[in-house]
Amino acid sequence: MVICGNTIMDNIIFELKDVYFSYLGKFPALCGIDIRINQGQKVSIIGANGTGKSTFLQILDGLIFADRGVLSFCGQQLNEEIFNDAKFSREFRSKVGFIFQNSDVQLFCPTVKEDIVFGPLQLGLAKGQIQKRLEKLIATLNIEELLDRSPQQLSIGEKRKVAIASTLIIDPQILILDEPTAGLDPLTTRNIIDLLIAENNSGKTIITATHDLHIVEEISDIVYVFGRGKSIVKSGLANNILNDPALLKENNLVHIHSHQHQDKVHVHPHVHLEHHV
Amino acid sequence: MKSNNFIERSIVGGLTFLKDSIFAEEVAQRGGFLQSLDVRVKIISFLLFILQALFTGSIPALLFLYALCLFLGLISRIELVFFLKRTWFFIPLFSLGIAFPAIFGPGEPLLSWQILGAKFSITHQGLQGAVVFVIRVITCVSFVVLLNITTRHFDLLKVLRIFKIPAIFIMILGMCYRYIYLFAGIIQNTYLAIKSRVGRGVQYQQGQGMVAWNIASLWDRSVGLNEEVYKAMLSRGYQGEALAWNDFKIRTKDWLWLFAVILLWIILFLN
Ligand SMILES: Nc1ncnc2c1ncn2[C@@H]1O[C@H](COP(=O)(O)OP(=O)(O)OP(=O)(O)O)[C@@H](O)[C@H]1O
Ligand SMILES: [Mg+2]
């Protein structure tokens, strides 16, 4: 499976060079990001609240554009003009799928079913094929009985599943996920992670932002840690990052638990990764 | 909690009203006769009924249409009392404003009396006109309400699309509809959040302030949300003209119904 049309350049899908972004020109959100993402990689972005993870992902998806620096997709520079080209835009949108942090904004259709089929309809897929994909997703995500309801009336977890379905139905080669497991129960989290791993095994590139250290190891070949300076403070293999308590503590990713056992209080740092897996 | 509390009344009351009136799709999901018709066919037949009620001056024809409407309601699993309450609710408004003065219109006097030297008489023609008017209004209102409560709102919106109303307009209507619901939820939660922070008693003055603040923050949120929603649409390939999925199907039953309605229409029209 070749995404970029040619096989030169090591299959680099996204390449960012010294990217800066600020909201309304005055609220800095990204300060000098350099990243390369290869085809088929599992990449995760971790960091405290407000360190620019969501902003970074939106830049990757061509929803907002850098103030400074260069972002290229398959060697082609992304900017506002290129998305005015309907053909490019359709190709890009069918290759790259984005699951928003806030499912409420991602679901804007009257019924769950319409929401799920929105993407492929816009991208011009045939109805028969849409129907087939829909049925498959309904089965995997177990959302049969939600189809005729309004997305508004669902629980947070149900909304998330529908949002995931509405992106997966496009069958994108690259999946960008912003906090896919926040607010989900352990079993649903498990199912979603399994789903992502299966997608990755079939060759898809998975880029995930998360605070949930439980899931980091499974969904990353490489972890990037975003720091308070809104730039990458460290990157490396999941193992190395997760075994660096000082780094995690510095970046609000672990907390100190204090337990009270009758009259004794004992305090120890606590890396959440140790719990399940 | 005091029930005459300002916030309670204005926010929670308003929301309950909104949810009950606009979002009550419960009736539309019952399996009755009208619910089972194709939405397009249903809308066309109701338009025909309403046109008939507007143009006929005959009391028997109007009564027939009204009875038909109630009958349709019954076979669509709508409780008669609920339906009558919803529809007759509008009548006093119209009858006071328009029908009542009409009974004194020109014509043969039925009943006359004098007040302070001025002579009032209720005339035959005036009375007939008023009766026709009231029945006509109640018939039209009943058909509109019946259509409204037996159809899911988004199906109505989709039919507008089929009738060539521009997509962007319908999209906006649909999103408004959806976001009214979302905002209703936000306000409800904000109210709960405030309540949980300030305790049970929220004073009147304070309450007014909060309502004003709520409206302002709501506006902010709606602007922010719009941007985000737009991004979400872009991300899934939206390019200015949204394509919708409709799976309306006209079956034999719908054709039979439409045929019967047109036949009835012609018969009533010829009389
Ligand atoms: N619409 C906006 N307008 C102004 N500033 C914004 C906006 N969105 C984000 N920011 C700012 O940009 C910075 C990065 O935000 P971003 O949402 O990317 O963080 P994040 O890492 O995704 O945080 P979280 O973990 O809370 O989701 C923050 O300082 C935030 O205040
Ligand atoms: Mg975020």
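Student: Where in chain B is the place of B:Arg236?

Tutor: In this predicted model, B:Arg236 sits in the loop between helix H10 (204-235) and helix H11 (252-270) of chain B.

Student: Which residues is B:Arg236 in contact with, leaving aside its neighbours within four places in sequence?

Tutor: Contact here requires heavy atoms within 4.5 Å. With those sequence neighbours set aside, the contacts of B:Arg236 are A:Gln106, A:Phe108, A:Asp115, A:Phe118, A:Gly119, A:Gln122, A:Leu123, A:Ser166 and A:Ile170.

Student: With which residue does B:Arg236 form a salt bridge?

Tutor: A salt bridge pairs a side-chain nitrogen of Lys or Arg with a carboxyl oxygen of Asp or Glu within 4 Å. For B:Arg236 the partner is A:Asp115, and the closest N and O atoms are 3.1 Å apart. B:Arg236 lies in the loop between H10 and H11 of chain B, whereas A:Asp115 lies in helix H4 (residues 112-122) of chain A, so this pair joins two chains. Both B:Arg236 and A:Asp115 are buried.

Student: How many salt bridges does the structure hold over all chains?

Tutor: Over all chains there are 13 salt bridges. One of them is formed by the side chains of A:Arg190 and A:Asp194, with an N to O distance of 2.9 Å.

Student: Why are A:Arg190 and A:Asp194 separated by about one helical turn?

Tutor: The two are four residues apart in helix H7 (residues 186-201) of chain A, and A:Arg190 and A:Asp194 are therefore separated by about one helical turn. Their accessibility can be read from the percentages. A:Arg190 counts as partly exposed because its relative accessibility is 31%. A:Asp194 also counts as partly exposed, at 38% relative accessibility.

Student: Which residues are linked in a network of salt bridges?

Tutor: A:Asp171, A:Glu199 and A:Lys204 are linked in such a network. In chain B, the side chains of B:Asp38 and B:Arg40 meet in a salt bridge at 3.1 Å, N to O. B:Asp38 has 3% relative accessibility and so counts as buried.

Student: What joins the side chains of B:Thr151 and B:Lys42?

Tutor: The two side chains are joined by a polar contact of 3.1 Å. B:Thr151 is placed in the loop between H7 and helix H8 (153-162) of chain B. With 3% relative accessibility, B:Thr151 counts as buried. Its side chain also reaches the backbone oxygen of B:Leu147 at 2.6 Å. Apart from neighbours within four places in sequence, B:Thr151 is in contact with B:Ala28, B:Val39, B:Lys42 and B:Leu156.

Student: How many helices and strands make up the secondary structure of chain B?

Tutor: Chain B has eleven helices and two strands. From the N terminus on, their order is α-α-α-α-α-α-β-β-α-α-α-α-α. Of the 271 residues in chain B, 44% are buried. Among contacts in chain B with a separation of 6 or more, 74% are between residues 24 or more positions apart.

Student: How many residues surround ligand 1, and which are the closest?

Tutor: Ligand 1 is surrounded by 15 residues, the closest being A:Gly50, A:Lys53, A:Ser54, A:Thr55 and A:Gln101. Strand E2 (27-38) and helix H1 (53-60) of chain A each give at least two residues to this shell. H1(A) gives the most, with three residues.

Student: How far is an oxygen atom of ligand 1 from an N or O atom in the side chain of A:Lys53?

Tutor: That distance is 2.8 Å. A ligand oxygen is also 2.8 Å from a polar backbone atom of A:Gly50, and a ligand oxygen is 2.9 Å from an N or O atom in the side chain of A:Asn49. Taken alone, ligand 1 exposes 630 Å², of which the protein buries 67%.

How values were computed. Residues are numbered from 1 along each chain as its sequence is written. Chains are lettered from A and ligands numbered from 1 in the order in which they are written. This is a predicted model: local features need pLDDT of at least 70, side-chain atom pairs count only at pLDDT 80 or more; totals for chains, interfaces and linings use all residues. Side-chain values use heavy atoms; hydrogens and water are left out. Buried means under 20% relative accessible area, exposed over 50%, partly exposed in between (1.4 Å probe, protein chains only). A residue is near a molecule or strand if one of its heavy atoms lies within 4 Å of it. A polar contact is a pair of N or O atoms within 3.5 Å; within protein, one must be able to donate a hydrogen and the other to accept it, and residues adjacent in sequence count only if both atoms are side-chain atoms. Accessible areas come from the Shrake-Rupley method with a 1.4 Å probe; for residues, only the protein chains shown count as cover.
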